[in-house]
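My plan is to go from the whole fold down to a few single residues.

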Amino acid sequence: MVRGLDRFFMAVDAAYIEEQIARVQRNDPKLTTLILSEKNLGDEEACALGLGLAHNTVLKTLYLSFNNIGVKGAAALAEALKSNAHLKTLSLRGNKIGPDGGVALAEALSLNSSLQWHNLAGNRIGAAGARALAEALQFNSTLISLNVENNGIDLAGCTALVDALKINVSLTTLDLGLNGAMLSQLYARLAKLLRDPDRAAARKAAADGWTDTKPARE
């Protein structure tokens with residue numbers, strides 16, 4: 001009986017997931033928030049979502065936390081973010097994207113113009129992913145919050161992320177916890193940068209549309 005019920009609920013879940021992905025792909029005007037956390041999604045589902053996100057103009061919030069999305073799925077979502085100009089919140093917390101997935105998402109972040117809240121906690125992106133994100137932040141002017149807790153990022157990677165805020169003025173929250181030992185001075189530097197009145201002034205100026213604080217691309 002228990003196994004029968006398990007199969008029943010798995011079938012219900014699968015049907016629900018399939019329908020929600022289809023709604024993203026057909027740009028359902030009523031679908032502004034989609035929560036697919038803890039649904040055992042893998043790369044196949046993430047790739048299907050990526051195909052829809054690339055042209056979707058309605059979805060604002062997407063939660064994909066605690067699934068089994070790996071590098072391939074992360075790359076598909078990253079490709080979609082390069083053209084999607086409407087999604088504001090994306091959570092991939094607790095997946096398996098690794099360093100290569102982190103690099104792919106960072107590349108997308110350097111081009112994306114809508115994402116404001118991005119949660120990558122618990123994905124083992126490591127130093128390589130952190131360095132890529134740090135570089136991307138120098139070209140991004142919309143992200144407000146970035147969570148990279150528990151990612152196996154070393155001190156050099158965390159430092160690169162903090163130092164990126166010397167150029168990036170939009171970010172107001174950067175979560176670096178559970179990444180191993182870090183010098184207290186780094187936290188102090190982060191706090192100082194986040195409180196910097198010059199950053200706040202530049203952020204307001206950028207929002208008013210009369211200045212560009214991003215460095216030129218080579």
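Here are my notes, in the order I looked things up.

**Ground rules.** I'm working with a predicted model, so I kept in mind that local features need pLDDT of at least 70, that side-chain atom pairs count only at pLDDT 80 or more, and that totals for chains, interfaces and linings use all residues. Residues are numbered from 1 along each chain as its sequence is written, and side-chain values use heavy atoms, with hydrogens and water left out.

**Whole chain.** I looked up the secondary structure and got eight helices and six strands. Helices here are DSSP runs (H or I, at least four residues), strands are E runs of at least two, and both are numbered from the N terminus. Along the sequence I read α-β-α-β-α-β-α-β-α-β-α-β-α-α. Of the 218 residues, 46% count as buried; buried means under 20% relative accessible area, exposed means over 50%, and partly exposed is in between (1.4 Å probe, protein chains only). Then I checked contacts, meaning heavy atoms within 4.5 Å. Among those with a separation of 6 or more, 84% come from residues 24 or more positions apart.

**Core.** How many residues does the largest nonpolar core have? I found 53, and Leu64, Val148, Leu161 and Leu174 have the most contacts inside it. Such a core is a set of buried Ala, Val, Leu, Ile, Met, Phe, Trp, Tyr and Cys residues joined through side-chain atoms within 4.5 Å. H5 gives the most to this core, with six residues. I then followed Leu64: leaving out residues up to four places away in sequence, its partners include Leu36, Leu41, Leu49, Ile69 and Leu77.

**H5 against H6.** Two packed helices are described by the angle between their axes and the distance between the axes. For H5 (residues 126-137) and H6 (residues 155-164) I noted an angle of about 5° and axes 8 Å apart. The two are therefore roughly parallel, a label for angles under 35 degrees. H5 brings Ala130, Leu133, Ala134 and Leu137 to the contact, while H6 brings Gly157, Ala160, Leu161 and Ala164. I sorted these residues into seven nonpolar, one polar and no charged.

Which is buried and which is exposed? Asn123 is buried, at 1% relative accessible area, whereas Arg124 is exposed at 54%. A polar atom of the Asn123 side chain lies 3.3 Å from the backbone oxygen of Ala121. Beyond its neighbours within four places in sequence, Asn123 is in contact with residues including Leu92, Gly94, Ile97 and Asn150.

Most residues other than glycine have a negative phi. Asn40 has a positive phi of about 60°, and I found Asn40 in the loop between E1 (33-35) and H2, exposed at 58%. Leu178 also has a positive phi of about 60°. Leu178 sits in the loop between E6 (173-175) and H7, and is exposed at 66%.

Notes
Axes are lines fitted to C-alpha atoms, for helices over the stretch in contact, and angles run from 0 to 180 degrees between N-to-C directions. Angles under 35 degrees count as roughly parallel, over 145 as roughly antiparallel, 65 to 115 as roughly perpendicular and the rest as oblique. Ala, Val, Leu, Ile, Met, Phe, Trp, Tyr, Cys and Pro count as nonpolar, Asp, Glu, Lys and Arg as charged, and the others, Gly among them, as polar. A polar contact is a pair of N or O atoms within 3.5 Å; within protein, one must be able to donate a hydrogen and the other to accept it, and residues adjacent in sequence count only if both atoms are side-chain atoms.
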